[in-house]
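Subject: Handover of a structure

Hello,

I am passing this structure on to you, with my notes on it below. Please look through the structure first and then read on.

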Amino acid sequence: MFNGNISIRNKNGDEKVKIERPGGSLSPIWSICWNPSREEHHDILAVADWGQKLSFYHLSGKQIGKDRPLNFDPCCISYFTKGEYILLGGSDKQVSLFTKDGMRLGTVGEQTSWVWTCKVKPDSNYVVVGCQDGTISFYQLIFSTVHGLYKDRYAYRDSMTDVIVQHLITEQKVRIKCKELVKKIAIYKNRLAIQLPEKIIIYELFSDDSSDMHYRVTEKIVKKFECNLLVVCAQHIILCQEKRLQCLSFRGVKEREWQMESLIRYIKVIGGPPGREGLLVGLKNGQILKIFVDNLLAIILLKQATAVRCLDMSASRNKLAVVDENDTCLVYDIHTKELLFQEPNANSVAWNTQCEDMLCFSGGGYLNIKASTFPVHQQKLQGFVVGYNGSKIFCLHAFSMSAVEVPQSAPMYQYLDRKMFKEAYQIACLGVTDTDWRELAMEALEGLEFETAKKAFTRVQDLRYLELISSIEERKKRGETNNDLFLADVFSYQGKLHEAAKLYKRSGHENLALEMYTDLRMFEYAKDFLGSGDPKETKMLITKQADWARNIKEPKAAVEMYISAGEHIKAIEISGNHGWVDMLIDIARKLDKAEREPLLLCARYFKKLNNPGYAAETYLKIGDLKSLVQLHVETQRWDEAFALGEKHPEFKDDIYVPYAQWLAENDRFEEAQKAFHKAGRQGEAVRVLEQLTHNAVVESRFHDAAYYYWMLSMQCLDIAQADPAQKDEMLGKFHHFQHLAELYHGYHAIHRYMEEPFSSHRPETLFNISRFLLHSLTKDTPLGISKVKTLFTLAKQSKALGAYKLARHAYDKLQGLKIPDRFQKSIELGSLTIRSKPFHDSEELVPLCYRCSTNNPLLNNLGNVCVNCRQPFIFSASSYEVLHLVEFYLEEGITDEEAISLIDLETPRPQRESKWQEITSHDSQTLRLDETIDSMGDGDPFTAKLSFEQGGSEFVPVVVSRMVLRCMSRRDVLIKRWPLPLRWQYFRSLLPDASITMCPSCFQMFHSEDYELLVLQHTCCPYCRRHIDDLSP
């Protein structure tokens, strides 16, 4: 509005936003325009007022930036090309171009009167201007490309006021905002020069890193320059204006000037030391010059008839490429000035910076690549070629620069066709595919150019061919010069087998052809190279053919071939691995017994395949009895092993030791102990028994513990018999283990009575056992035996049988022991109740000594011997009653054999009246010796020997003579026939009518009725577990 305010309304005319500007009526608004750009995030309104200012606002009414002064009264404003620029016209009689931010760029057109309107044709670069004098002008705006390129860095103008530097390899970009119209750009190495309307700014990179994109200002030349071309060097800038070149320092001081004969059409920095760079200059008259910035003299390289459009010099500066105004690319030798070749349809040209003989030029919509003097390779490409680095070609199309990756396959193959392998390798290094690298390597290898081939195979990482080349080089060092042989190796590696075979044959190495064909399983071809019936070569060929059949999963054919070639071991391995037992046994039966190795291999496979019969047959064939024994042991065929051990005792250990170990592993420890014993491994046998015994005691299996202790004692007796050096020690252990066996055998009943709710033993038996244990445990108590349980049992049974005095003694003893909680109340109650009983023992329980007829007290301080004659009591191993037996000894000089013979004579003697009387009451039965009968009567000499000196404290054994032995009856005598080194023990029954049975194995005594009942219950001796069917002692 004229008052300087802005009203924004909707389509219905309703005001939405009102913008009140500070100028008010002094800045009447004459023109406004919305920015049509869709890339802007907000709607932007451009406002031109007669306060000679240009302003910008958001839709919300917020001003963007500051007001831009115009120095004229604007009459019209319009956005150009989708909001990138602004056109303004007014009292200055011209149309000016501004950036979208309000910076003036330049004049579009000058008029003779005020400009009242300017409009832009949609989606075009045409502008129409209307003036006050009625004039209408029509303009077309063309924006020239302002850019610069050096190797892989490209700088170009953007939005007329910005400069973008692009790294063509990494695609990195950096924007430099100049805020003024950018007129010229030049770039060189780490330098960047930007010409603005009133100054030139020099930038440099922060670092020397090739990928660094950070620029900083180093110098500013505040001066207006007019030039056609701008070039920057390390320390200078070069200005080109028509025919004149000026060299200025970075401070704006002119150092040199060159005046040319014709207009300068092209200028390019070709490098050099800092401050001494060289310039390549092309003139319109066809002259090409080289100028050094530190030298006033220009060097004329050559002169051609046509004007120069584009120039480039090769990497080594030996060749010059020129594009003239006729679109022809001409290549000259700089030194000889000779025209090497020329190509048509070119608008720009560039040499490869990494390869001397390669250049590319563009034109007619095609990219042309030329290597040396070979024909041109073409591919479609729009734009101008401006650089060529390795395999990358830098192309400028329209306003964008791009790096195109171009494979160098075509020029490489051109070199390969002419066998120029080194040059082809240089081209390949610029960038070709793996397939091209492999082709180069193969061609070089076939051309025997091993160095190039080695490099190429290294690029594709083909170790196989690298090994071949390495081996050929080693052979050449050793003096081999036969190229046919080398080439044959190459052909064989490439699969050209027939060509390789021909070369092998031509070089006199037919054996190599034979080896090659056999290795490749081509046996039909291999036969052509066999010698004159050499059996070794024939065998070798058959063997390899069999190997091949084996590898292609034809094992049966391989086995047959191996057998025909005499390779029995390989045939056996295949048959064994496939489980062909029939084939294995056929091979084993056909082999001679002298061929031990294949036969042993057969046997191993038979064992592996669970055919011990065939394995045994094989071992017997070669007479390997030790392996046969191991076979029987491994397969647990113990019967066959034992039979073999009987025939060959030297293998006894090899059989019985593993057998014992097998038994032990299967928890058959008792049998294992016997097997160890049979194998002569007494130490192992004893250790097994000791462990079994310990386990039995810990687990409260006292019956088993007694049995194991008995076995241990017999083991010690065997050792004492076999080793005299250990005789005394082993005999001591024998008696100790026998004693422990008796204790645990008796304690078994006590333990079961105390732990189980019911007992199979009579009270008298438990009473006798507890008395036996009490008298035996005078010293240390063995592991597992409880004195508490023993005394408690004795106390309870004594009380029940009327032995109150003994019961009171047992309870008193218990008071001094640590009693388990579960027995505490019972023992305390028993201790109290026993006080109410009379202080004496029942006479029916008193034991009688059958030697001196003395009644012994129930509690005997001497132990299990008679208090009068010191004769040891002989107890029944089941009821533990005192047996009517008296041990006697032989007079010196009487051997066991003689004693047996004398007893067997059994001289008859008159019948005598029994001295024993039976007394029966309501609750007991007693046998008593009648003192009134003459004990020395009836003519029995043994009875006379029972007498002893009264009052003596030493035990006097009964010693009998030959006459006494002769008078004895065989059925009254029991003999413990101990093996050596023990002597036999003799016992006389004083009550022949009461039968006593002795176990022939453990020599324990039993009442015959008790023994028979126990054997019927357990089918074995209750003490040593000797089976009833076992006839051996």
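How many aromatic pairs does the count come to? The model is a predicted one, and the count in it comes to 18 aromatic pairs.

One of them joins Phe 374 and Tyr 415, whose ring centres are 4.8 Å apart and whose planes stand at 85 degrees, an edge-to-face arrangement. Phe 374 sits in the loop between β36 (366-371) and β37 (377-380), while Tyr 415 belongs to helix α1 (residues 409-417), so this pair ties together parts that lie 41 residues apart in sequence. Both Phe 374 and Tyr 415 are buried.

Another pair is made by Phe 734 and Trp 978: with 5.5 Å between the ring centres and 80 degrees between the planes, the pair is edge-to-face, because planes over 60 degrees apart are counted that way. Phe 734 comes from helix α22 (residues 727-755) and Trp 978 from the loop between β45 (973-976) and β46 (985-989), so here the parts tied together are 244 residues apart in sequence. Phe 734 is buried, and Trp 978 is buried too.

Ring pairs also build a cluster, which links Trp 30, Trp 50, Trp 114 and Trp 116.

Charged side chains are found over rings as well. Arg 216 lies over the face of Phe 206, 5.0 Å from the ring centre. Lys 370 is placed over the face of Phe 341, with 4.5 Å to the ring centre.

Now the chain as a whole. The protein chain has 1033 residues, and 49% of them count as buried. Its secondary structure consists of 30 helices and 48 strands. The accessible surface comes to about 52500 Å², and carbon and sulfur atoms hold 49% of that surface. Among contacts with a separation of 6 or more, 43% are between residues 24 or more positions apart.

Next, one of the sheets. Four strands form an open sheet in the order β44-β41-β46-β45, and their pairing is mixed. At the edges stand β44 (958-960) and β45, each with a single partner strand, so one side of each has no neighbour in the sheet. On average, neighbouring strands of this sheet are turned by 40 degrees against each other, direction ignored. In general, strands of a sheet pair through backbone hydrogen bonds, either parallel or antiparallel. Strand β41 (residues 885-890) and β44 run parallel and are joined by three bridges. Tyr 889 has Val 959 of β44 opposite it. Helix α27 (residues 896-905) lies across β41, β45 and β46, and the helix runs at about 20 degrees to β46.

Last, a single residue. Is Ile 77 buried or exposed? Ile 77 is part of strand β7 (residues 74-80). Its relative accessibility is 5%, and the cut-off for buried is under 20%, so Ile 77 counts as buried. Leaving out residues up to four places away in sequence, Ile 77 touches Ser 31, Ile 32, Cys 33, Ala 46, Leu 54, Ile 86, Leu 87 and Leu 88.

Regards

Note on methods: Residues numbered from 1 in each chain as written. Predicted model: local features only at pLDDT ≥ 70, side-chain atom pairs only at ≥ 80, totals over all residues. Heavy atoms only, no water. Helix = DSSP H or I, 4+ residues; strand = E, 2+ residues; numbered from the N terminus. Buried < 20%, exposed > 50% of the residue type's maximum accessible area, 1.4 Å probe, protein only. Contact = heavy atoms within 4.5 Å. Areas by Shrake-Rupley, 256 points an atom, 1.4 Å probe, with all protein chains shown as cover. Phe/Tyr/Trp six-rings, centres within 6.5 Å; stacked < 30°, edge-to-face > 60°. Lys NZ or Arg CZ within 6 Å of the ring centre and 35° of its normal. Pairing = 2+ DSSP bridges. Axes fitted to C-alpha atoms, helices over the stretch in contact; angles between N-to-C directions.
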